[in-house]
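Please keep the sequence and the model open while reading.

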Amino acid sequence: MSIDTAFTPRSLTASEYVRELFAPGDNAAILVRNRSTGHTVQTISKAETIASLRFQSWLAGQSVSGYDVFMGMNPIKDGAYNRTKENIKDIRHVYLDLDRRGDEALEAIRNSTEAPAPNFVLDTSPGKHQVVWKVSGFSQDEAESLQHNLANKFGGDLAATDSTRVLRLPGFANRKLPEEFIVASAPGKRCRLHLRDFTIDDDSPETPRHLGDYPQRERTAPSDHKSQSEHDWAYAKRALAEATTPKS
């Protein structure tokens with residue numbers, strides 16, 4: 001009898017992922033956005049509520065109705081109803097959006113001596129990934145500076161380096177694509193990291209470094225060019241400005 005030694009880790013469910021990211025009593029932000037209609041809703045709820053069957057059923061219904069599902073990566077202060085920097089309680093995660101040559105960039109991160117192995121890698125579409133590290137002891141400025149340097153180093157999206165960023169939630173479809181793609185995240189290591197665990201050089205924003213042969217990313221785009229993440233973020237901010245008051 002032959003034995004297949006290949007093993008693919010099971011993707012985390014959305015509930016499992018939320019529980020890995022946050023303590024039960026943390027306030028976390030969920031954002032759902034319908035690209036076709038422009039309708040966007042943001043809600044701030046306890047992590048234990050977001051991970052519950054009832055809340056997950058609501059998100060599943062939104063996804064089936066054509067909505068993309070996102071989650072803020074840092075907890076929100078008690079009594080706050082939006083994700084402004086002033087309302088971020090503390091920094092729990094740093095992250096990268098690998099939207100160009102994502103497989104190459106991910107391999108470079110995994111082989112790097114300057115960045116530790118990620119805690120989570122989300123496959124958001126074919127060849128594109130979102131990388132998340134669980135951290136402790138970071139200020140907002142330190143986290144955003146590190147994310148900018150990581151993006152420079154590994155060719156990540158520089159628009160996705162703010163501490164209020166929302167990333168995709170595993171288990172739900174990426175509705176930007178013509179064919180359904182379910183976002184997946186395999187479990188990684190559980191320990192939290194500290195600033196000393198990253199040894200990325202502090203690059204100047206005027207002289208970004210990129211993975212491998214990425215010069216076309218820097219040179220061929222016109223001065224007013226915006227990445228897909230920049231377009232998405234601008235869209236979300238406009239939609240949120242028109243949305244109803246978020247639920248508590």
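Are phenylalanine 138 and phenylalanine 198 buried or exposed? Both phenylalanine 138 and phenylalanine 198 are buried, where buried means under 20% relative accessible area, exposed over 50% and partly exposed in between, with a 1.4 Å probe and protein chains only. This is a predicted model, in which local features need pLDDT of at least 70 and side-chain atom pairs count only at pLDDT 80 or more, while totals for chains, interfaces and linings use all residues. Residues are numbered from 1 along each chain as its sequence is written, and side-chain values use heavy atoms, with hydrogens and water left out.

**Aromatic pairs**

- A search of the whole structure finds four aromatic pairs, counted when ring centres of Phe, Tyr and Trp (its six-membered ring) lie within 6.5 Å, with planes under 30 degrees apart called stacked, over 60 edge-to-face and the rest tilted.
- Phenylalanine 55 and tryptophan 58 form an edge-to-face pair, 5.6 Å centre to centre with 65 degrees between the planes.
- Phenylalanine 55 counts as buried at 11% relative accessibility, whereas tryptophan 58, at 27%, counts as partly exposed.
- Phenylalanine 138 and phenylalanine 198 also pair edge-to-face, at 6.4 Å centre to centre and 85 degrees between the planes.
- Trp133, Phe138 and Phe198 form one aromatic cluster.

**Valine 135**

- Valine 135 counts as buried, because its relative accessibility is 1%.
- Valine 135 and leucine 195 are 60 residues apart in sequence, yet 8.0 Å apart in space, C-alpha to C-alpha.
- Leaving aside residues up to four places away in sequence, valine 135 touches residues including Ile91, His93, Leu193 and Phe198, contact meaning heavy atoms within 4.5 Å.
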